[in-house]
Amino acid sequence: MSDTAQPVGKRGVVGWALFDWATQPYYTLVVTFLFAPYFVNGFMSDPAHAQSLWAFATSAAQLLTAVLAPVLGAIADAGLPRKPWIAVFSAMLIIGLGGLWFAVPGSTAAVPLVLVSFGIATLGVELATQFNNAMMPGLVSARRLGRLSGLAWAVGYAGGLVSLALVAGLLVTSPHTGKTLFGLDPIIALDTATREGDRLVGPFSALWYLVFVLPMFLFTPDRRSAPAAVNPVREGLVRLLQSLRELLRAHRNVALFLLARMLYADGCAAVFSFGAIYAASVFGWGVTELGLFGIILTVAAFFGAGLGGLVDDHVGSKHVIVVGLLIFIVGSLGVLSVDPDEILFFVPVTEKVDGGGLFASTGERVLLAFALLIGIALGPIQASSRTLLARICPPAQTTEFFGFFSFSGKVTAFAAPLAIGIVTTLTDSQRLGISISLVFLIVGLLLLLPIRSSR
């Protein structure tokens with residue numbers, strides 16, 4: 001079906017939204033809370049070296065995604081259906097996630113395999129997401145795009161929450177206590193010496209994706225091949241070059257949005273990634289505190305995405321992003337205002353006492369409150385960014401422009417972390433280092449303001 005088709009049935013919409021549910025364990029379990037920390041602190045003996053390797057693998061996969069996304073999008077927009085592309089990239093994601101099982105502690109020979117597997121999974125999930133995003137305008141009417149995008153992001157966060165609770169609460173154990181996040185024995189007898197619980201995260205995420213992506217393939221309509229595209233590859237590449245020129249000449253509104261989104265997305269990702277590191281450093285949080293912290297933020301993002309999607313259809317995508325960024329900036333400043341004995345930069349509080357319980361100190365509770373603002377704002381920013389592009393890009397070039405969207409989110413993904421590293425090294429201060437991400441957020445917000453929010 002074409003991008004201008006009539007709205008589809010509920011099964012098609014639900015199947016499309018479940019794609020976010022299917023992919024979220026990759027981001028929640030592998031990238032953020034479970035496998036990445038295990039790779040750095042458990043799989044390899046030198047954490048600093050391990051972190052460098054993980055960062056290089058991530059950067060390489062993101063850079064390759066940035067290069068391929070616009071090209072593949074242009075080819076698909078020349079008349080090809082999108083599901084076959086999603087199927088190919090889904091296979092890459094599943095194979096890559098399966099390869100993480102071989103991360104046996106101390107097995108130096110497995111390091112290249114694990115890193116390549118992670119890179120393949122990253123490339124697969126990002127490109128599959130691009131083509132799934134491009135299907136959105138053909139599913140519902142224009143006035144319901146915000147609601148659909150917000151619903152999908154909320155469903156995705158719910159998937160991350162459920163998968164995190166299942167794996168961290170029932171399968172993965174602490175190497176020190178042998179208990180799960182919920183203080184239980186694992187429901188499956190796993191070898192703790194070889195960290196089978198941590199290694200199972202990859203295959204679990206692959207199986208989760210395989211099961212929950214099926215409704216999209218079964219029920220969500222795809223467009224038919226356009227008969228006019230005799231050679232879609234050649235036609236797509238030619239149109240890509242034309243689109244690059246048009247993007248700067250005739251679609252300056254879209255180009256400015258992509259530039260703004262590139263900056264504020266980098267800032268959001270940096271705060272979300274390094275915020276947990278900062279909290280762990282300030283208060284000495286371990287697996288239990290960080291796991292609960294992740295669950296709380298995921299719940300906040302779930303409700304924020306759902307609410308943002310509803311508001312989007314009434315006030316517009318741009319307004320939702322602007323308000324979301326303002327809230328995100330306030331939350332980021334609040335988190336950075338907390339240290340062991342002060343909040344709001346200069347208000348003294350009692351330091352955390354060992355054995356005082358989870359989040360018992362004033363500083364921890366204040367940090368958690370500001371972090372909730374970040375979680376609540378992140379969902380609407382992400383969901384409405386996708387919706388805003390769908391509203392302002394040319395209808396016949398949706399996949400191609402979502403390729404530019406993916407490009408804008410990946411091409412400078414290294415910039416904010418690099419800036420944080422440089423400032424932290426120069427100042428020897430984690431707080432000052434992370435605060436550089438606010439520059440990305442503020443500049444992105446300022447560039448967003450003049451954008452026209454309709455075609």
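Select Cys 268. In this predicted model, Cys 268 counts as buried, at 5% relative accessibility. Now pick Cys 393. Cys 393 is buried too, with a relative accessible area of 1%.

**Into the core**

Next, select Phe 35, Phe 39, Phe 43, Phe 257, Leu 325, Phe 328 and Leu 448. These residues have the most contacts inside the largest nonpolar core, which has 123 residues. Stay on Phe 35 and show what surrounds this side chain. Leaving out residues up to four places away in sequence, Phe 35 touches Leu 29, Val 30, Trp 54, Leu 100, Ala 103, Val 114, Asp 198 and Val 201.

**Helix H1**

Move to Thr 28, in helix H1, residues 10-33. Thr 28 is buried, at 5% relative accessibility. In sequence, Thr 28 and Gly 160 are 132 residues apart; in space, C-alpha to C-alpha, they are 5.6 Å apart. Gly 160 is also among the contacts of Thr 28, along with Phe 33, Leu 34 and Leu 164, when residues up to four places away are not counted.

**Helix H14**

Go to residues 362-392, which make up helix H14, and pick Glu 364 there. Show its partners beyond four places in sequence: Phe 283, Trp 285, Lys 352 and Phe 359.

Most residues other than glycine have a negative phi. Two loop residues are worth a stop here.

- Select Arg 195. Its phi is near 55 degrees, a positive value in a residue other than glycine. Arg 195 sits in the loop between helix H6 (145-170) and helix H7 (196-199). At 18% relative accessibility, Arg 195 counts as buried.
- Select Leu 344. Phi of Leu 344 is near 55 degrees, again positive in a residue other than glycine. The loop that holds Leu 344 runs between strand E1 (342-343) and strand E2 (347-348). Leu 344 is partly exposed, at 40% relative accessibility.

**Out to the surface**

Finish on Leu 207, Leu 210 and Val 211. Together they form a nonpolar patch on the surface, with about 260 Å² of accessible area. Zoom in on Val 211, in helix H8, residues 201-212. How exposed is Val 211, and what is its relative accessible area? Val 211 is partly exposed, with a value of 42%.

Methods. Residues are numbered from 1 along each chain as its sequence is written. This is a predicted model: local features need pLDDT of at least 70, side-chain atom pairs count only at pLDDT 80 or more; totals for chains, interfaces and linings use all residues. Side-chain values use heavy atoms; hydrogens and water are left out. Patches are made of residues with over 30% relative accessible area and no salt bridge: like charges are joined within 9 Å, nonpolar side chains (Val, Leu, Ile, Met, Phe, Trp, Tyr) within 5 Å. Accessible areas come from the Shrake-Rupley method with a 1.4 Å probe; for residues, only the protein chains shown count as cover. A salt bridge is a side-chain nitrogen of Lys or Arg within 4 Å of a carboxyl oxygen of Asp or Glu. Helices (H or I, at least four residues) and strands (E, at least two) are DSSP runs, numbered from the N terminus. Buried means under 20% relative accessible area, exposed over 50%, partly exposed in between (1.4 Å probe, protein chains only). A nonpolar core is a set of buried Ala, Val, Leu, Ile, Met, Phe, Trp, Tyr and Cys residues joined through side-chain atoms within 4.5 Å. Contact means heavy atoms within 4.5 Å.
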